[in-house]
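Hi,

Here is the structure I promised to pass on. Have a look at it first, and my notes come after.

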Amino acid sequence: MKVPEAFVHSYFYTKHDILHITHFNLEDVVTEPFKYDIAYYLGAAPSILPWENTSDSIPLILMSWKAKESTLNELHELRDRKRAKEEMIPAIAWYLQMQFWMNGQPVRSITDWKRDMELLKWKPVNVDERLDFIVKKPDLFHSYIQLQQLFTESTKLFYKSKALKK
C-alpha cells in the first residue's frame with residue numbers, strides 16, 4: 001500500500017514508497033517505523049495493536065533505544081555527525097511511537113505531530129519544543145542529549161501511568 005501523505009517525511013518515507021502491510025510481527029515496531037499506525041490509518045491494521053498492548057511494544061522500543069544509545073555515544077565521541085544523524089532517525093520514530101502509544105493511541109501524522117501531541121495526557125514538559133529541536137537538528141550532540149532525556153522522562157511516565165491503571 002502507498003504511504004499516506006500524513007506519514008511522508010524525508011526521514012522516514014517518500015510519497016512514492018510502498019509499505020507491505022500484510023504480515024505483522026512485534027519486531028516491526030522497531031524495524032519499520034509507523035507500520036502499525038499507517039496500517040490503522042488505512043484500515044488494514046492487525047487485531048493486536050501496539051498502543052493497546054503497551055506491555056510488549058513499549059519495552060521493545062526501550063530495549064532498542066538502550067542499544068542505540070551506546071552507538072550514538074560512540075559516534076558523538078568520534079564527532080561523526082553524519083552517521084549520528086542516520087542513527088538518530090529511527091530513534092526519533094521510536095520516541096514518537098512510544099509517546100503516542102503510551103497514551104493509548106496511534107500516531108496519526110508525522111507532519112502534524114505537534115498538534116496531536118498537545119492532546120496527550122502523559123507527556124514530558126515542553127516535549128513539543130524539545131522534540132521539534134531534535135527533528136530539525138538530529139546530528140547535534142545536544143539533540144541526542146535531549147532525546148535521551150525525553151526517553152528517560154517518558155519511561156517514568158509510562159510506568160507511572162501503568163501503576164495508576166492498576
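Predicted model: local features only at pLDDT ≥ 70, side-chain atom pairs only at ≥ 80, totals over all residues.

Numbering starts from 1 along each chain as its sequence is written, and side-chain values use heavy atoms, with hydrogens and water left out.

Start with helix H7 (residues 141–165), which packs with helix H3 (residues 54–77) at an angle of about 160°, the axes being 11 Å apart. (Helices are DSSP runs of H or I, at least four residues, numbered from the N terminus; axes are lines fitted to C-alpha atoms over the stretch in contact, and angles run from 0 to 180 degrees between N-to-C directions.) That makes H3 roughly antiparallel to H7, the label for angles over 145 degrees. By class, their contact has 12 nonpolar, 6 polar and 2 charged residues. (Ala, Val, Leu, Ile, Met, Phe, Trp, Tyr, Cys and Pro count as nonpolar, Asp, Glu, Lys and Arg as charged, and the others, Gly among them, as polar.)

H4 also packs with H7, at about 25° and with axes 11 Å apart. The two are therefore roughly parallel to each other, a label for angles under 35 degrees.

Now the core. The largest nonpolar core has 53 residues, of which Phe12, Phe34, Leu131, Leu147 and Phe151 touch the most other members. (Such a core is a set of buried Ala, Val, Leu, Ile, Met, Phe, Trp, Tyr and Cys residues joined through side-chain atoms within 4.5 Å; buried means under 20% relative accessible area, with a 1.4 Å probe and protein chains only.) H4 gives the largest share, 12 residues.

Leu131 is one of the buried residues of helix H6 (residues 127–136), and those pack against H4 (81–101), helix H5 (113–117) and H7. Beyond four places in sequence, Leu131 is in contact with Tyr95, Leu96, Trp113, Met117 and Leu150.

Last, the serine: Ser161 lies in H7 and counts as buried at 4% relative accessibility. Not counting residues up to four places away, Ser161 touches Met102 and Trp122. Lys121 is 40 residues from Ser161 in sequence and 9.8 Å away, C-alpha to C-alpha.

Cheers

Terms used
Parallel < 35°, antiparallel > 145°, perpendicular 65-115°, else oblique. Buried < 20%, exposed > 50% of the residue type's maximum accessible area, 1.4 Å probe, protein only. Contact = heavy atoms within 4.5 Å.
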